[in-house]
Amino acid sequence: MLPMTHASRAPIPAPLRPVISALCDVAAGLSDTISRGPLGPALADSVGNNTDGDVQKALDVMADEAFAGALSGTGVRWYASEEREEVIEIDVNGALALAIDPLDGSSNIDANVSIGTIFGIQPATDDAEGTFLRDGNSLLASGYFIYGPQTALVVTFGDGVRQFIWDREARQFIEAETAPCIPDTSSEFAINASNYRHWPKPVRAYIDDCLAGAEGPRGKNFNMRWVASLVAETHRIMCRGGIFLYPSDGRKGYESGRLRLVYECAPIAFLVEQSGGKATTGTARVLDQVPAHLHARTPLIFGTADKVDRVATYYDLPDTEVSALFGNRGLFRA
Ligand SMILES: O=P(O)(O)OC[C@H]1O[C@](O)(COP(=O)(O)O)[C@@H](O)[C@@H]1O
Ligand SMILES: [Mg+2]
Ligand SMILES: [Mg+2]
């Protein structure tokens, strides 16, 4: 089903309509299944491990198979999924490549907390894997479905961000007149604080300064959120600003953070930039990163532009300054 665009907005670019339509069909079905919770099939059961060693839940596999199975005839040649070791070919004549995190936030399936699907679409080359091992500047579109109190599609085609809400009665995604636009100011940060001891010093110093609130170098109070669903954190930040951090850390396997560049970070970075925000690794723009391999991870810091810029300044500070509790950091108050 093609989502219904708002009268005041441009049509969806013609070459992308079949694939967006297929993604919407699958997402609508997933939304129904997810919303039935314990009345439906067991979605949160562990069914194995993916190539990265992540535990796969039944819904991870169900979503991956549903998306892969819906793409014939949509112009998609290559399908790369977080849940599959290798790229698969859908249609030899297709001109598009789809990277997807079929089910994001799978630790929240059993808890009735918002989860989602993240995707990025780029032109296909003849090289299956090589198509995806390019920087994010080649993205034609990216977006996410959020399965929450509302099921919604938030998407960019490179010309701003658009939002389509799933109308359960009309059984149609209908475009809202307004799309989320990251505000310039916010006092919220999102990070999994249980990893504090593993973080790099600049991140620790940044969070120390937020936690110190009005009595610290920033001279103002902050609030913290952590949903553990990247789509839910992104949606909140798109709607009301703030910053999200999943840095690299000292744990084995987290040297480049947790989140995957191809399936999660680049698509989210494209949306965030199109919404007026910024997305970096802490020191470099996410969309300029070239994945070393299909499942490569990268640190991800995104949100309100000046907050993301501020984190970068902590990476530039001399070691003595980031190590000291507050040091002279009061010199750059909020
Ligand atoms: O459990 P942690 O380490 O806080 O990680 C939470 C992060 O992991 C993720 O769940 C990873 O995505 P998947 O659920 O697709 O593996 C993100 O949605 C979330 O931001
Ligand atoms: Mg994910
Ligand atoms: Mg996933």
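Which residues line the second largest cavity? The legend to Figure 1 gives them, and every view is taken from a predicted model.

**Figure 1. The second largest cavity, with a volume of about 30 Å³.** Its lining is made up of I191, N192, N195, W199, L245, Y246, P247 and D249. By class, these lining residues are five nonpolar, two polar and one charged. The structure holds two cavities of 30 Å³ or more; the other is shown in Figure 2.

**Figure 2. The largest cavity, with a volume of about 90 Å³.** Its lining comprises 14 residues, and Q122, F132, R134, V262 and A266 lie nearest the centre. β6 (115-123) and α6 (261-274) each contribute at least two lining residues, and α6 gives the most, with four. Domain 1 (14-175) and domain 2 (188-332) each supply at least three residues of this lining. Eight of the lining residues are nonpolar, four are polar and two are charged.

**Figure 3. The largest nonpolar core, which has 37 residues.** I20 and F119 touch the most other members of this core. Two or more residues come from each of α1 (17-36), α2 (58-69), β3 (76-81), β5 (96-104), β6, β7 (141-147), β8 (151-156) and β9 (161-167). Of these elements, α1 gives the most, with 10 residues. Leaving aside residues up to four places away in sequence, I20 touches P3, I12, F119, I121, L153 and F157. Apart from this core lies another, of 30 residues, which includes V154, L230, Y254 and L300.

**Figure 4. The largest pocket, with a volume of about 460 Å³.** The lining has 29 residues, and those nearest the pocket centre are G105, S106, S107, A228 and R258. β2 (55-57), β5, α5 (230-240) and β13 (243-246) are the elements that give two or more residues to this lining. The pocket lies between domain 1 (14-175) and domain 2 (188-332), because both give residues to its lining. Sorted by class, the lining has 12 charged, nine nonpolar and eight polar residues.

**Figure 5. The second largest pocket, which holds about 370 Å³ of space.** Of its 21 lining residues, I34, S35, G37, I109 and N112 are the closest to the centre. α1 gives the most to this lining, with three residues. The lining contains 11 nonpolar, eight polar and two charged residues.

Definitions and conventions. Residues are numbered from 1 along each chain as its sequence is written. Chains are lettered from A and ligands numbered from 1 in the order in which they are written. This is a predicted model: local features need pLDDT of at least 70, side-chain atom pairs count only at pLDDT 80 or more; totals for chains, interfaces and linings use all residues. Side-chain values use heavy atoms; hydrogens and water are left out. On a 1 Å grid over the protein atoms alone, a cavity is a set of points where a 1.4 Å probe fits but cannot get out, and a pocket is an open set with protein on both sides within 12 Å along at least five of seven lines; lining residues have an atom within 4 Å of a point. Grid points are joined across faces, edges and corners, and a volume is the space filled by probe spheres set on the points. Ala, Val, Leu, Ile, Met, Phe, Trp, Tyr, Cys and Pro count as nonpolar, Asp, Glu, Lys and Arg as charged, and the others, Gly among them, as polar. Domain bounds come from an automatic or database domain assignment. A nonpolar core is a set of buried Ala, Val, Leu, Ile, Met, Phe, Trp, Tyr and Cys residues joined through side-chain atoms within 4.5 Å. Buried means under 20% relative accessible area, exposed over 50%, partly exposed in between (1.4 Å probe, protein chains only). Contact means heavy atoms within 4.5 Å.
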